[in-house]
Amino acid sequence: MSAPSTPDPGGGPWRRLPERLRPRERELPGRGELRIVEGAVLVLVALLLAVATVNDVVRQAGVNHRLVADLRTWRHYTHHNYKNVTTDQLTFGAATKRDVVCGNTVPGPPKQRTQICLAVTGPTRAGLRTVSGGWYLPAGTEYDKRAVRYGCFGQGTVGLCRK
């Protein structure tokens with residue numbers, strides 16, 4: 001019987017790599033501290049990436065849950081079951097967890113009819129959030145700007161509408 005052949009670490013697909021990156025037949029002299037340090041660094045980087053990924057997924061799941069509650073709140077408050085309802089997290093700031101939900105007051109193409117925008121705040125309870133105020137936007141308004149808002153109502157809109 002012939003002895004099992006060992007693959008040539010310098011040949012095959014490894015020959016394109018520089019010599020220091022090719023697999024070795026035997027370890028170089030020394031205690032191997034460099035490999036221990038490299039391994040520890042790689043484990044720490046992998047752990048950091050895993051924690052960051054889990055943190056981001058949990059945060060995004062919370063935001064998605066909140067946005068679904070915002071849409072449900074708008075439909076509950078207006079008694080319209082429209083599909084084209086928009087949510088905005090930036091009017092009050094993304095970190096405030098205060099969102100704006102806008103949709104048409106009557107059926108029609110999005111933003112081509114008068115819209116009602118609701119400022120929703122607080123935690124989700126029974127699938128809904130608290131409406132702290134709102135305003136109207138005229139038909140054909142492309143962007144929700146302070147200058148075009150009218151009919152503001154509620155404490156949550158102080159300073160958000162023109163005088």
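Colleague: Why does tyrosine 136 count as partly exposed?
Modeller: Tyrosine 136 has a relative accessibility of 28%, and since buried means under 20% relative accessible area and exposed over 50%, with partly exposed in between (1.4 Å probe, protein chains only), tyrosine 136 counts as partly exposed. This is a predicted model, in which local features need pLDDT of at least 70 and side-chain atom pairs count only at pLDDT 80 or more, while totals for chains, interfaces and linings use all residues. Residues are numbered from 1 along each chain as its sequence is written, and side-chain values use heavy atoms, with hydrogens and water left out.

Colleague: What makes arginine 66 buried?
Modeller: Its relative accessible area is 10%, so arginine 66 is buried. Arginine 66 lies in helix 1 (helices, H or I, of at least four residues and strands, E, of at least two are DSSP runs, numbered from the N terminus). Leaving aside residues up to four places away in sequence, arginine 66 touches Gln89, Lys97, Asp99, Thr124 and Arg129, where contact means heavy atoms within 4.5 Å.

Colleague: How many aromatic pairs are there, and why is the pair of tyrosine 136 and tyrosine 150 called what it is?
Modeller: Rings of Phe, Tyr and Trp (its six-membered ring) pair if their centres lie within 6.5 Å, and planes under 30 degrees apart count as stacked, over 60 as edge-to-face and the rest as tilted; by this rule the count is three. The rings of tyrosine 136 and tyrosine 150 have centres 5.9 Å apart and planes at 25 degrees, so this pair is stacked. Because tyrosine 136 lies in strand 4 and tyrosine 150 in strand 5 (residues 150-153), the pair ties together parts that are 14 residues apart in sequence.

Colleague: What kind of aromatic pair do tyrosine 136 and phenylalanine 153 form?
Modeller: Tyrosine 136 and phenylalanine 153 form a tilted pair, at 6.4 Å centre to centre and 55 degrees between the planes. This pair links strand 4 with strand 5, its residues being 17 apart. Ring pairs join Tyr136, Tyr150 and Phe153 into a cluster.

Colleague: How do you know that strand 3 and strand 4 pair?
Modeller: Two strands pair if DSSP finds at least two bridges between them, and eight bridges join strand 3 to strand 4 (residues 128-137), which run antiparallel.
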